[in-house]
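Please read the following report alongside the sequence and the coordinates.

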Amino acid sequence: MTIRAFIAAATAATALMAGAANAADCPVDVDDPFDLEAAQIEDIYNCLKDAMAEGYAKEGDEIGANYRSWTVTSTRPAVAGPHGNRLLQTFANDVAAEQYLKFAEEGVKMPARSVLAKESITISKKKKQARVGPLFIMTKMEDGAIPETDDWLYAGLQPNGKVMKIKQSFCHDCHVNYPDQDMLAYPLEEVRIGN
Ligand code: HEC
């Protein structure tokens, strides 16, 4: 092999490996994410989960780098519908976990500094492939800090760890449908892990 061919081959191999690290290759053989069985979802999550956490942590965001050490709130990711039919899995920080895991339906008021971080996985129909979606984040601020959103600050990280531009009203206009749960919608019942 000439040096030039060797370099070309090595570059191609590196590109392939980078693809795997980005988990570009987690195949999915359904068209509709709602058709996924639990076992398929677990396979998808196993395929993506390491690259996912690495990606969210990449820019050094504190939540992106730490949320995996928080309390997981479901047995596996699940498709609820909102959030773009993505597979969703929420983690609760120490401040939030006790109250969140009650999944209470009335009179909920989350303590200030509660943080919920929700991983998401997009199923690409066209490519028959699962890829990492944004990390969606809700942080409860001090009482009265943001009256328009009941003191919630909405945020998001892209799969590469960069901060997403988010319109607070876009998120809140939907979360406001859960006023008795302090705007929290909770994971699907069948996957909830209670305390
Ligand atoms: C169309 C409705 C809708 C919109 C818009 C929406 N959400 Fe959600 N969100 C939900 C539902 C429903 C759930 C619960 C489903 C699940 O997690 O399985 C949820 C769950 C969450 C959770 C986990 C905490 C909880 O509520 O249990 C976070 C964090 C979150 N969303 C952040 C955001 C952010 C940030 C935005 C804006 C970029 C946003 N959401 C926009 C409907 C919405």
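## Basis and overall fold

Helices (H or I, at least four residues) and strands (E, at least two) are DSSP runs, numbered from the N terminus. On that basis the elements of the protein chain follow the order α-β-α-α-β-β-β-α-β-β-β-β-α from the N terminus on, which comes to five helices and eight strands. Residues are numbered from 1 along each chain as its sequence is written. The model is predicted, and local features need pLDDT of at least 70, side-chain atom pairs count only at pLDDT 80 or more, while totals for chains, interfaces and linings use all residues.

Of the 195 residues of the protein chain, 29% count as buried, a residue being buried if 20 or more other C-beta atoms lie within 10 Å of its own, exposed if 12 or fewer, and partly exposed in between, with C-beta atoms placed from the backbone. Among the contacts with a separation of 6 or more, 57% join residues 24 or more positions apart; two residues are in contact if their C-beta atoms, placed from the backbone, lie within 7 Å.

## Confidence

The average pLDDT (the predictor's confidence in each residue, from 0 to 100) of the protein chain is 90, and 88% of the residues score at least 70. Over residues 6–23, however, the pLDDT is below 50, and this stretch has 11 contacts in the model beyond near neighbours in sequence. Where pLDDT is low, the predicted coordinates should not be read in detail.

Helix 2 (residues 38–57) has 20 residues and spans 27 Å from its first C-alpha to its last, close to the 28 Å expected at 1.5 Å a residue, where the expected span is 1.5 Å times one less than the number of residues. A kink of about 45° is centred on Leu48, the bend at a residue being the angle between axes fitted to the seven residues ending there and the seven starting there. Leu48 is also one of the buried residues of helix 2, together with Ile41, Ile44, Met52, Gly55 and Tyr56.

Gly60 lies in the loop between helix 2 and helix 3 (62–66), and counts as exposed because it has 8 C-beta neighbours inside 10 Å. Gly60 and Lys162 are 102 residues apart in sequence, yet their C-alpha atoms are 9.1 Å apart in space.

## Around the ligand

Pro82, Phe136, Cys171, Cys174 and Ala185 come nearest of the 24 residues around the ligand, a residue being near if its C-beta atom, placed from the backbone, lies within 6 Å. Helix 5 gives the most to this shell, with four residues.
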